[in-house]
Amino acid sequence: MKNFIFHSPTKFVFGKDTENEVGDLLNSYGAKKVLIHYGTGSIKRSGLFDRVVESLNKSNVDFVELGGVVPNPRDDLVYDGIKLCKKENVDFVLAVGGGSAIDSAKAIAAGAKYDGDFWDFYDKKAEIKSALKIGVILTIPAAGSEGSASAVITNTDGMLKRGLYSPHYRPTFSIINPELTYTLPSYQTSAGVVDMMGHIFERYFTNSENTLFVDRLAEGALLSIIEAGKKLIDEPTNYESRSVICWAGTIAHNGFFGVGRQEDWSSHRLEHELSALLDVTHGAGLAVIYPAYMKYTLDNHVKRYKRLAEKVFKIVSKGKTDKEVAEAGIEALEAFYKSINMPIRFSGLNASEKDIPKLVNKLEENVGKSFGHFEKLTLNDARKIYELACQ
Ligand code: NZQ
Ligand code: ZN
């Protein structure tokens, strides 16, 4: 295990009806004026918004609201939120929603404490020195932003989708009630399952040595996510399965599986160009990228992929070469994605080979000429992975 610091200071409040505690929680952190930040309507339709307002009113917490965060959240609403926070002296941003609302809230929280343009942080021209406190009520287990120290925003001028890591982005608290996820469209549930598995893969795909303890925890998490993900296709209101993916999704991306090792993140980088350019759902994009990435890098990483095949996909190695076992694991991953109605090729995203030059150009703008750690990839490698994802 390599040296590490793991600091996950977020208070997680998990379980049925916990959203009703939000007013008390905000009070306990001394919130004076809150910005409630949310998406395009699901929390109004489900009645969650009204319950949140009721809880804040009961606890005498003053608030303003800003809705309209779109999936793959954009800078324009972040600017609106920053203006509103400065005008109203907001000291706490409460995101009610998924990764998009949470990431937008994080960028607002940082921008509200900065005199310049918040995109400076994403352009690496400035570093976040402080931010408003951030609270979360989670409605979709997927991005893990409720426990992560990152936020991904798309700059509409050029459609640049960029992630940023900052300790100031860790939420102060996150409320996770699995019942709030019952209303999710099945496609979003499945995309969330793919995304959280991806957050584990990005850490599991490592060249670091002596990682067995965390590898085994990761394999256990993957097994549980796959089991629950399958169950939710037929039983979307199964509380235990919803609970598993809610908590697994949080742990998958709060840094826990990354300790003591070098992480990868190539597949996420390849996918972010798809979301930015074609506005595809992040998890669905990942379901297309991972199999292609794994096939492309297979020859250099047979041992790692074989382990994944055996431990997670229960591939029996007797009578097979190591490479055949690894390949069977990749096939099993594809079969799992298909079983939860996720696309596994570009065509399932309404993308085609014609999009590849644009994807590679944007990738170069965002990451330069090479990226990744598990396998150092060039832009030519990226093009070949995108091509594999078309076949
Ligand atoms: O906008 P509303 O109306 O709320 O609808 C949303 C949205 O259309 C809907 N939804 C959410 N909860 C619902 C619901 N519909 C019915 N019932 C509910 N309970 O689901 C759709 C997707 O929501 P979104 O927040 O976009 O999903 P997700 O959590 O997957 O977030 C995706 C974003 O997070 C980024 C992605 O790139 C993408 O931009 N990521 C953020 C990360 C981070 N901050 O650490 C890491 C991830 O790797 C990821 O990149
Ligand atoms: Zn992700």
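Modeller: Here is a short walk through the zinc site and then the salt bridges.

Modeller: First, the ground rules: this is a predicted model, where local features need pLDDT of at least 70, side-chain atom pairs count only at pLDDT 80 or more, and totals for chains, interfaces and linings use all residues. Residues are numbered from 1 along each chain as its sequence is written, chains are lettered from A and ligands numbered from 1 in the order in which they are written, and side-chain values use heavy atoms, with hydrogens and water left out.

Colleague: Which residues are the protein donors of the zinc ion (ligand 2)?

Modeller: Donors are N, O and S atoms within 2.8 Å of the metal (3.2 Å for Na, K and Ca); water is not among the atoms, so sites may look incomplete. Here Asp195 donates through OD, while His199, His268 and His282 each use NE2, at 1.9 to 2.2 Å from the zinc.

Colleague: What spacing do the donors follow along the chain?

Modeller: The pattern reads D-x3-H-x68-H-x13-H. Asp195 sits in helix 7 (residues 186-204) and His282 in helix 11 (residues 282-297), so this pair links distant parts of the chain, 87 residues apart. Helices here are DSSP runs (H or I, at least four residues), numbered from the N terminus.

Colleague: Is Asp195 buried or exposed?

Modeller: Buried means under 20% relative accessible area, exposed over 50%, and partly exposed in between (1.4 Å probe, protein chains only). Asp195 comes out at 3%, so it counts as buried, and His282 is buried too, at 15%.

Colleague: On to the charges: how many salt bridges does a search of the whole structure find?

Modeller: A salt bridge is a side-chain nitrogen of Lys or Arg within 4 Å of a carboxyl oxygen of Asp or Glu. The search turns up 20 of them. One of these pairs Glu387 with Arg383, with the closest N and O atoms 2.9 Å apart.

Colleague: How far apart are Glu387 and Arg383 in helix 15?

Modeller: They are 4 residues apart in helix 15 (residues 379-388), so about one helical turn separates them. Glu387 is partly exposed at 24%, as is Arg383 at 31%.

Modeller: Elsewhere, salt bridges that share partners join Lys33, Asp62, Lys87 and Glu88 into one network. Within it, Lys87 and Glu88 have their closest N and O atoms 3.7 Å apart; Lys87 is exposed at 65%, whereas Glu88 is partly exposed at 23%.

Notes:
Helix = DSSP H or I, 4+ residues; strand = E, 2+ residues; numbered from the N terminus.
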